[in-house]
Amino acid sequence: MAAQENTEISTKFSTLNVNAVEFVPSFSYNSVVNVAEEAAAVVVAAAAAEETADPGPASGSATPATTPDSVGSGGSTAGAAPPPPTAQGAGAAAPSAQPPTSSSNSASPAPGSPATTPSAGAAAADPTPIDGLNPSDKIANNETDPADSWDVDDAVITPEDEEVEDAEFTEGEATPKVSKKKVVKVEENRSKREHVNVVFIGHVDAGKSTIGGQIMSLTGMVHKRTLEKYEREAREKSRESWYLSWGLDTNQEERDKGKTVGVGRAFFETDRKHFTILDAPGHKSFVPNMIGGAAQADLAVLVISARKGEFETGFDRGGQTREHAMLAKTAGVKHLVVLVNKMDDPTVNWDQTRYNECKDKILPYLKKLGFNPAKDLTFMPCSGLSGTGLKDQIPETLCPWYRGPAFIPFIDELPSLNRKSDGPFIMPIVDKYKDMGTVVMGKVESGTARKGQNLLVMPNRTQVAVDQLFSDDFEVTSVGPGENVKIKLKGIEEEDVSPGFVLCDAANPIKTGKIFDAQVVILEHKSIICAGYSAVMHIHCAAEEVTVKALICLVDKKSGDKSKTRPRFVKQDQVAIMRIECSGMICLEQFKLFPQMGRFTLRDENKTIAIGKVLKVVE
């Protein structure tokens with residue numbers, strides 16, 4: 001008998017082109033002694049089974065102990081001769097013999113794993129622990145392995161087996177529910193600080209990155225050793241005053257030239273709030289990047305330099321101080337803090353007259369933009385390089401005339417922002433990169449998203465699943481409105497996502513359109529604008545080329561009345577309602593329904609020429 005089994009096994013493995021010893025490490029049929037022991041054990045098992053069960057089924061249950069695998073695999077003719085009845089007999093006898101086994105065999109494998117049926121008879125007879133499995137079990141297991149994995153006959157799969165498979169599948173489907181329960185527990189441990197996004201804007205070299213780096217240093221977000229390393233490297237390049245900005249300007253090109261190009265991001269926390277710093281570039285070539293940064297902000301910090309000559313260059317026509325302030329207002333920033341920086345400069349030396357001069361020059365312009373000094377506009381002096389006036393109040397000996405709060409305590413005390421946490425999930429994508437999957441970045445505008453949730457990427461309508469969520473580099477289980485997040489997605493390639501796409505709720509996706517009506521204010525444009533005029537539109541994080549299709553009417557600035565006739569053209573300082581066509585599909589929403597997704601700016605020849613809001617999506 002042992003010889004017969006040897007031949008069976010060898011033929012089976014030869015058909016698989018697998019060496020049995022390689023396939024199962026515990027398997028070896030070289031020694032004759034082992035084979036004799038195995039044969040004896042099988043006989044004992046058969047005898048025990050006959051004693052316990054009644055004679056009819058016993059014959060059925062005894063035969064499977066030796067040959068069920070041969071039936072399953074169709075390997076030997078002896079086993080194949082009595083086809084279904086024996087198989088069913090084995091099936092019928094198995095339940096009677098199995099209950100005791102299943103209890104002893106606590107780690108019962110899944111259906112379809114080798115150790116299910118054949119070992120049942122042997123295990124019932126011999127109560128050895130699982131670790132010291134009977135050699136007979138091993139042989140049986142090794143025989144079923146190929147039978148189960150490859151040559152499965154229809155006769156072997158009974159309806160019960162199919163049910164088990166189904167059950168296993170539904171269990172797999174139900175797993176997200178289990179994880180959701182876990183999610184709730186984890187969420188309770190999460191910090192409930194309010195998230196506020198702060199964008200630093202202003203003319204090039206006003207000190208935005210330095211202030212951002214200094215804030216991170218004062219709040220302990222950058223290690224002292226790291227700063228010392230930056231200082232050493234900066235001194236080697238004879239740029240020692242730049243070292244603080246290197247906390248946000250991580251790119252080598254930015255460090256070499258001392259100019260921010262992309263929007264740098266970092267964060268710091270107070271007892272009440274979690275702030276995300278967005279460091280916008282000040283150079284006029286990178287205004288599109290600055291618009292993307294301002295689109296994510298709740299609070300803007302306009303940094304102006306008090307140094308003689310620098311403030312004037314920034315504020316005169318063509319300087320970025322004006323344009324940035326206007327773009328921040330257009331982007332829907334709720335509060336503007338004007339930091340008068342470089343007050344410790346030898347040309348200024350904390351002089352009140354210079355501070356007031358800067359303030360008085362810029363205030364009328366900011367009022368014209370719609371900022372109200374009583375509600376959403378604040379001025380304060382500071383020094384980014386020394387950190388004076390950022391975290392602690394300025395010493396009276398240095399600056400007796402300003403006794404207001406320092407910058408960080410002031411923004412910490414600002415009233416909470418009202419967020420749309422109950423609406424559908426919407427997150428415009430600012431940036432994307434590849435990291436073991438596709439990771440998208442952006443600010444959540446409304447709604448919440450959880451790990452495992454299914455979302456849509458618009459306007460392509462690609463279905464994706466949330467794999468991981470990071471809120472400012474911390475992995476979390478759910479994100480809410482106002483948070484600056486990174487989301488790892490399953491189901492989309494990095495090439496198929498571009499900035500300006502929107503990640504939104506699958507049940508309630510955001511509107512997409514190509515043609516829309518908008519109310520537009522022409523800010524500065526030398527010539528007239530007629531139908532057929534084209535420019536670049538920046539809406540939330542998207543930049544798209546647009547063409548004016550038709551001018552519908554003019555709007556009176558003071559009364560708000562609309563003209564009865566269609567204008568042939570519009571010029572500077574006029575307000576018009578026009579139909580605009582985009583070169584491709586974009587995500588947008590009516591301004592009155594969702595302001596963040598309905599306001600835009602038009603730029604042409606590196607200048608911002610107009611701002612507007614979406615009134616109606618036509619198609």
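This is a predicted model: local features need pLDDT of at least 70, side-chain atom pairs count only at pLDDT 80 or more; totals for chains, interfaces and linings use all residues.
Residues are numbered from 1 along each chain as its sequence is written, and side-chain values use heavy atoms, with hydrogens and water left out.

Let's stay with α17 for a moment. The helix covers residues 352-369, 18 residues in total, and spans 26 Å from first C-alpha to last, close to the 26 Å expected (1.5 Å times one less than the number of residues). There is a kink of about 30° at L363, shortly before the proline P364; the bend is the angle between axes fitted to the seven residues ending at a position and the seven starting there. Several α17 residues are buried, among them R354, Y355, C358 and L366. Buried means under 20% relative accessible area, exposed over 50%, and partly exposed in between, using a 1.4 Å probe and protein chains only. The buried residues of α17 pack against β4 (299-305), α15 (310-315), α16 (320-330), β5 (335-341) and β6 (377-381), with contact meaning heavy atoms within 4.5 Å.

Three of those strands belong to a sheet. The open sheet has six strands in the order β2-β3-β1-β4-β5-β6, with mixed pairing; two strands pair if DSSP finds at least two bridges between them. Because β2 (264-269) and β6 stand at the edges with a single partner strand each, one side of each has no neighbour in the sheet. From one strand to the next, the twist averages 25°. Strand β1 (residues 194-201) runs parallel to β4, joined by four bridges, and I201 has L302 as its bridge partner in β4. Helix α11 (residues 208-218) also packs on this sheet, touching β1, β2, β3 (273-279), β4 and β5, at about 150° to β3. As for α17, it lies across β4, β5 and β6 and runs at about 160° to β6. Such angles run from 0 to 180 degrees between N-to-C directions, with axes as lines fitted to C-alpha atoms, for helices over the stretch in contact.

Now for the packing inside. In the largest nonpolar core, with 71 residues, L366 and F407 touch the most other members. A core of this kind is a set of buried Ala, Val, Leu, Ile, Met, Phe, Trp, Tyr and Cys residues joined through side-chain atoms within 4.5 Å. Leaving aside residues up to four places away in sequence, L366 touches L302, A325, L336, V338, F371, L377 and F379. A second, separate core of 26 residues includes F516, I529, A542 and C582.

Elsewhere, six strands form a closed barrel, β16-β19-β18-β17-β20-β21, with antiparallel pairing. Its twist averages 45° from one strand to the next. Six bridges join β17 (residues 534-539) to β18 (residues 542-555), and A535 sits opposite V546 in β18.

Most residues other than glycine have a negative phi, and most peptide bonds are trans. H540, in the loop between β17 and β18, has a positive phi of about 40° and counts as buried at 7% relative accessibility. M458 and P459 are joined by a cis peptide bond, with omega about 5°.

Definitions and conventions: Helices (H or I, at least four residues) and strands (E, at least two) are DSSP runs, numbered from the N terminus.
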